[in-house]
Amino acid sequence: MGDALPWPALVLVLAPILLPACRAPASPAAATARAWGNGPARWLLLDDEQQALGRVRTNTDFASFLGAFWACRDDDPATDENPFGRLFAERGAAADRLYAEPGVRGSLTPRGGALLLLGPPT
């Protein structure tokens with residue numbers, strides 16, 4: 001056999017290559033959460049929130065995450081409206097309209113991120 005790898009060594013070499021393909025596919029809720037986190041909200045996500053978003057597995061998990069995410073950014077939780085969330089959505093729409101680049105939403109560009117976080121120039 002000469003240069004051939006023994007069976008245990010072959011398994012050790014191939015396992016890191018083949019095992020990722022054996023993982024269960026992400027749940028639809030996890031995929032939705034990941035897509036949401038890669039959208040305009042990425043400009044707001046804190047490190048611990050990114051980690052929590054990575055743990056979303058169900059629609060209930062994602063709904064709980066979103067409730068907590070927007071609640072901590074609400075200046076007046078006694079009302080049903082979240083002025084910050086509304087303003088963020090308005091700025092996101094403006095950024096998409098003003099700063100779109102080929103293949104990239106305007107709210108995902110650096111200029112769009114600045115508009116989302118800082119507002120329009122004075």
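Visitor: In which loop does Thr 109 lie?

Guide: Thr 109 sits in the loop between α5 and α6. Before we go on, a word on where this comes from: this is a predicted model, in which local features need pLDDT of at least 70 and side-chain atom pairs count only at pLDDT 80 or more, while totals for chains, interfaces and linings use all residues. Residues are numbered from 1 along each chain as its sequence is written, and side-chain values use heavy atoms, with hydrogens and water left out.

Visitor: What makes Thr 109 count as buried?

Guide: Its relative accessibility is 2%. Buried means under 20% relative accessible area, exposed over 50%, and partly exposed in between, with a 1.4 Å probe and protein chains only. Thr 109 at 2% is therefore buried.

Visitor: What does Thr 109 touch, not counting residues up to four places away in sequence?

Guide: Thr 109 touches Trp 43, Tyr 99, Glu 101 and Val 104. Contact here means heavy atoms within 4.5 Å.

Visitor: What is Asp 96 counted as, and why?

Guide: Asp 96, which lies in helix α5, has 25% relative accessibility and so counts as partly exposed. Leaving out residues up to four places away in sequence, Asp 96 touches Arg 105, Gly 106 and Ser 107. Asp 96 and Thr 109 are 13 residues apart in sequence, and their C-alpha atoms are 9.0 Å apart in space.

Visitor: How many helices and strands does the protein have?

Guide: There are six helices and zero strands, so the elements run α-α-α-α-α-α from the N terminus on. Helices (H or I, at least four residues) and strands (E, at least two) are DSSP runs, numbered from the N terminus. Of the 122 residues, 27% count as buried.

Visitor: Why is α5 called roughly antiparallel to α6?

Guide: Helix α5 (residues 83-99) and helix α6 (residues 110-118) pack at an angle of about 155 degrees, with axes 9 Å apart. Axes are lines fitted to C-alpha atoms, for helices over the stretch in contact, and angles run from 0 to 180 degrees between N-to-C directions. Angles under 35 degrees count as roughly parallel, over 145 as roughly antiparallel, 65 to 115 as roughly perpendicular, and the rest as oblique. The angle for α5 and α6 therefore makes the pair roughly antiparallel. Among the residues making the contact are Phe 88, Arg 91 and Gly 92 of α5, with Leu 115 and Leu 116 of α6.

Visitor: How do you know that the buried residues of α6 line one face of the helix?

Guide: The buried residues of α6 are Gly 112, Gly 113, Leu 115 and Leu 116. They fall within an arc of 160 degrees seen down the axis, so they line one face of the helix. The arc is that of the directions from the helix axis to the C-beta atoms. These buried residues pack against α5, whereas the face turned away carries the exposed residues Pro 110 and Leu 118.

Visitor: What puts the buried residues of α2 on the same side?

Guide: In helix α2 (residues 28-37) the buried residues are Ala 29, Ala 30, Ala 33 and Gly 37. They cover an arc of only 100 degrees around the axis, which puts them on the same side of α2. Their cover includes α3 (47-54) and α4.

Visitor: Why is α2 called roughly parallel to α4?

Guide: Their axes come within 8 Å and cross at roughly 25 degrees. That angle is what makes α2 roughly parallel to α4. The contact residues include Thr 32 and Ala 33 of α2 and Phe 62 of α4. Thr 32 is partly exposed, with a relative accessible area of 43%. From Thr 32 to Phe 62 is 8.5 Å in space, C-alpha to C-alpha, although the two are 30 residues apart in sequence.

Visitor: Which residues form the largest nonpolar core?

Guide: The largest nonpolar core has eleven residues: Ala 33, Ala 41, Leu 44, Leu 45, Leu 53, Val 56, Phe 62, Phe 65, Phe 69, Phe 88 and Leu 116. Helix α4 (residues 59-71) gives the most to this core, with three residues. A nonpolar core is a set of buried Ala, Val, Leu, Ile, Met, Phe, Trp, Tyr and Cys residues joined through side-chain atoms within 4.5 Å.
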